[in-house]
2 protein chains.
Amino acid sequence: MNIGIVGLGLIGGTIAKSLKNKHYITGYDISKDTIDYALENNIIQKAYNNLNDFFNDNDIIFLCLYPKSMINFIFRNKDIFPKYSIIIEFSGIKKSVISEIESINLDNVDIIYAHPIAGSEKVGIKHSNEYIFDKANFVITPVETNKKGNIDLAISLAKEMGFKNVSLITPSDHDDIIAYTSQLTHVLSLSLVNSLSSTLDTSKFIGDSYRDLTRISMINEKLWPELFIKNKAALLNKIESFESELKAFKGAITAEDYKKLEEMMVKSTTIRSKIAKGDKNDS
Amino acid sequence: MNIGIVGLGLIGGTIAKSLKNKHYITGYDISKDTIDYALENNIIQKAYNNLNDFFNDNDIIFLCLYPKSMINFIFRNKDIFPKYSIIIEFSGIKKSVISEIESINLDNVDIIYAHPIAGSEKVGIKHSNEYIFDKANFVITPVETNKKGNIDLAISLAKEMGFKNVSLITPSDHDDIIAYTSQLTHVLSLSLVNSLSSTLDTSKFIGDSYRDLTRISMINEKLWPELFIKNKAALLNKIESFESELKAFKGAITAEDYKKLEEMMVKSTTIRSKIAKGDKNDS
């Protein structure tokens with residue numbers, strides 16, 4: 001197949017690298033440096049300046065842009081998509097994205113809403129790497145207008161890219177669980193780092209726990225505010241549930257309640273071990 | 001040297017494995033299974049039942065017990081430590097431990113208070129592994145009665161075990177920074193896992209961020225309540241600073257304040273990158 005990728009950043013580059021042995025990969029990006037790098041390193045076979053040609057030459061288009069840019073891209077180009085185009089978009093939130101795109105009223109263009117739950121704290125094509133997708137989770141949130149054959153195609157491409165679990169859930173369920181597994185997780189890591197108050201050289205007093213919990217606090221500040229705000233209700237809800245748990249810990253520590261703390265630890269160990277069992281990517 | 005290890009768990013076993021090529025290692029443990037395993041796997045060269053002989057035969061004793069057991073162990077054996085014994089204790093909190101041990105009034109026994117900032121969510125000698133200490137941080141909190149030569153010996157043993165940075169700080173500074181880098185980190189991971197409310201199979205919707213932030217929620221519930229409670233004031237203080245940061249995030253998300261969120265993200269990226277620079281163990 002001819003596969004066109006719009007946005008050759010970390011994720012777009014990783015798609016190209018993980019599919020280029022089986023397909024003809026082309027790319028479109030507003031940065032000339034990125035395009036040059038992608039061509040020089042054989043990450044894509046061809047680059048386009050003209051979007052008409054790009055759309056016409058490809059069987060499938062992947063959109064790997066930040067949500068707002070992605071919606072603008074579709075709006076600006078709505079009249080030049082060829083009939084029966086298949087577009088797979090990869091943004092990290094779904095409900096608001098889908099509602100904005102559906103209001104554009106595209107004819108004969110089938111947009112598959114997908115989310116690769118994989119990434120890196122590093123940005124840009126230079127850090128793209130097919131291992132990022134290896135055995136990772138992939139989610140599709142089908143909408144009524146999606147053709148079954150196109151969903152199946154997205155699933156098989158996800159498998160080709162190395163993803164292990166492909167789940168089909170509603171946009172609402174997606175946003176709810178991602179608010180917890182991804183967004184809350186990032187908010188906690190950021191808050192942990194930003195609450196540092198010691199004047200000692202922290203690097204000399206950390207172990208793997210701090211290393212692990214704070215790696216994602218090195219974050220792409222151009223992307224994440226949008227993800228948080230566009231999923232505001234679900235995220236605030238998750239933050240509040242977390243706050244209640246934290247309050248319970250504080251209470252047990254204040255009361256020096258060994259038994260209660262032990263119970264809370266047995267609970268977390270049980271939940272986390274069960275998740276690890278279903279998650280073969282885990283060590 | 002003859003080195004005796006009391007408590008052959010994850011840490012005691014790791015000490016043995018990381019020093020056995022250079023020293024004669026012996027062990028004492030209340031579990032017969034642990035002793036059998038340590039001998040069968042050549043982790044120690046000799047095991048003792050009689051503590052008098054154990055103390056007399058060794059040049060240095062490492063105590064790798066939970067804080068309360070460690071203090072009890074010293075109290076019970078205060079009369080049989082040979083004169084000029086050197087003991088290195090490895091508990092994760094210092095102020096309360098030191099004050100309890102100093103009240104025992106040991107004669108001619110030099111206890112070095114140290115903390116290897118390394119570990120695993122797994123427990124027991126079977127998971128001990130010299131890589132746990134490799135390039136990790138090591139902290140000593142000297143007290144007035146410590147002989148300089150003995151502190152130097154502890155430093156050189158730490159280097160032999162594979163630790164990279166050895167820092168000497170006050171017990172109070174230790175408890176303050178550890179409340180942040182280790183204890184708060186664990187409280188957050190536990191609270192994150194325990195606040196899970198989704199009925200979906202979470203394992204299908206997680207990425208590395210959730211994996212990393214929750215690994216340590218599989219926690220040794222026999223050890224950690226003690227560490228939290230014995231460092232209560234410092235830990236509660238760190239939890240409260242964290243809560244303020246989290247509240248600031250909630251405020252910025254609620255207000256849809258892109259600029260503020262971006263600033264908070266630049267701040268966390270800057271702090272964390274600086275820590276990573278000083279921490280050569282980081283990837």
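This is a predicted model: local features need pLDDT of at least 70, side-chain atom pairs count only at pLDDT 80 or more; totals for chains, interfaces and linings use all residues.
## A crossing between the chains

The crossing of α7(A) and α11(B) is left-handed. The axes of the two helices, α7 (residues 171-194) of chain A and α11(B), come within 9 Å, and they cross at roughly 65°.

Which residues of the two helices meet? From α7(A) come A:Leu190, A:Val193 and A:Asn194. They are met by B:Met264, B:Met265, B:Lys267, B:Ser268, B:Ile271 and B:Arg272 of α11(B). Sorted by class, this contact of α7(A) with α11(B) holds 5 nonpolar, 2 polar and 2 charged residues.

## The contact as a whole

Stepping back, the contact between the chains draws 84 residues from chain A and 84 residues from chain B. On the side of chain B that touches chain A, several elements each supply at least two residues. Two of them are strands, β7 (137-140) and β8 (165-168) of chain B. The helices are α7 (171-194), α8 (208-214), α9 (224-230), α10 (232-254) and α11 (258-278), again of chain B.

Which element gives the largest share of that side of chain B? It is α7(B), with 18 residues. By class, the residues on the side of chain B that touches chain A divide into 41 nonpolar, 26 polar and 17 charged.

## How the two copies are related

Chain B can be superposed on chain A by a rotation of 180°, with 0.0 Å of shift along the axis and an RMSD of 0.0 Å. This is the relation of a two-fold axis. Both copies use the same surface, since 100% of the contact residues of chain B recur in chain A.

## Helix α10 meets its counterpart

Now look at α10 in both chains. The axes of α10 (residues 232-254) of chain A and α10(B) come within 11 Å and cross at roughly 165°. Angles over 145 degrees count as roughly antiparallel, and α10(A) and α10(B) are therefore roughly antiparallel to each other. The crossing in which α10(A) passes α10(B) is left-handed.

On the α10(A) side, the contact is made by A:Lys232, A:Leu235, A:Leu236, A:Ile239, A:Leu246, A:Lys250, A:Ile253 and A:Thr254. On the α10(B) side, it is made by B:Lys232, B:Leu235, B:Leu236, B:Ile239, B:Leu246, B:Lys250, B:Ile253 and B:Thr254. The contact of α10(A) with α10(B) has 10 nonpolar, 2 polar and 4 charged residues.

## Inside chain B: α7 against α10

Helix α10(B) also has a partner within its own chain. How far apart are the axes of α7(B) and α10(B)? They lie 9 Å apart, and the two helices pack at an angle of about 60°. α7(B) and α10(B) are therefore oblique to each other, and α7(B) passes α10(B) in a right-handed crossing.

In this packing, α7(B) brings B:Asp175, B:Asp176, B:Ala179, B:Tyr180, B:Gln183, B:Leu184 and B:Val187. These meet B:Ala234, B:Leu235, B:Lys238, B:Ile239 and B:Phe242 in α10(B). Here the classes come to 8 nonpolar, 1 polar and 3 charged residues. Two of the α10(B) residues named here, B:Leu235 and B:Ile239, are also listed in the contact with α10(A).

## The sheet in each chain

Let us turn to the strands. In chain A, 8 strands form an open sheet with mixed pairing, in the order β3-β2-β1-β4-β5-β6-β7-β8. Its edge strands are β3 (46-47) and β8 (165-168) of chain A, each of which pairs on one side only. β8(A) pairs with β7 (residues 137-140) of chain A in the parallel sense, over 4 bridges. One bridge joins A:Phe138 to its partner A:Val166 in β8(A). Helix α6 (residues 148-160) of chain A lies across β5 (85-89), β6 (109-117), β7 and β8 of chain A, and runs at about 30° to β6(A).

Chain B has an open sheet of 8 strands too, ordered β3-β2-β1-β4-β5-β6-β7-β8 with mixed pairing. At its edges, β3 (46-47) and β8 of chain B each have a single partner strand, so one side of each is left without a neighbour in the sheet. For β3(B), the partner strand β2 (residues 24-28) of chain B pairs in the parallel sense over 2 bridges. In this pairing, B:Thr26 stands opposite B:Lys46 of β3(B).

Key:
Residues are numbered from 1 along each chain as its sequence is written. Chains are lettered from A and ligands numbered from 1 in the order in which they are written. Two residues are in contact if their C-beta atoms, placed from the backbone, lie within 7 Å. Ala, Val, Leu, Ile, Met, Phe, Trp, Tyr, Cys and Pro count as nonpolar, Asp, Glu, Lys and Arg as charged, and the others, Gly among them, as polar. Copies are superposed by least squares on the C-alpha atoms of residues with pLDDT of at least 70 in both. Axes are lines fitted to C-alpha atoms, for helices over the stretch in contact, and angles run from 0 to 180 degrees between N-to-C directions. Angles under 35 degrees count as roughly parallel, over 145 as roughly antiparallel, 65 to 115 as roughly perpendicular and the rest as oblique. A crossing is left-handed if the near helix is turned anticlockwise from the far one by less than a right angle, and right-handed if clockwise. Two strands pair if DSSP finds at least two bridges between them.
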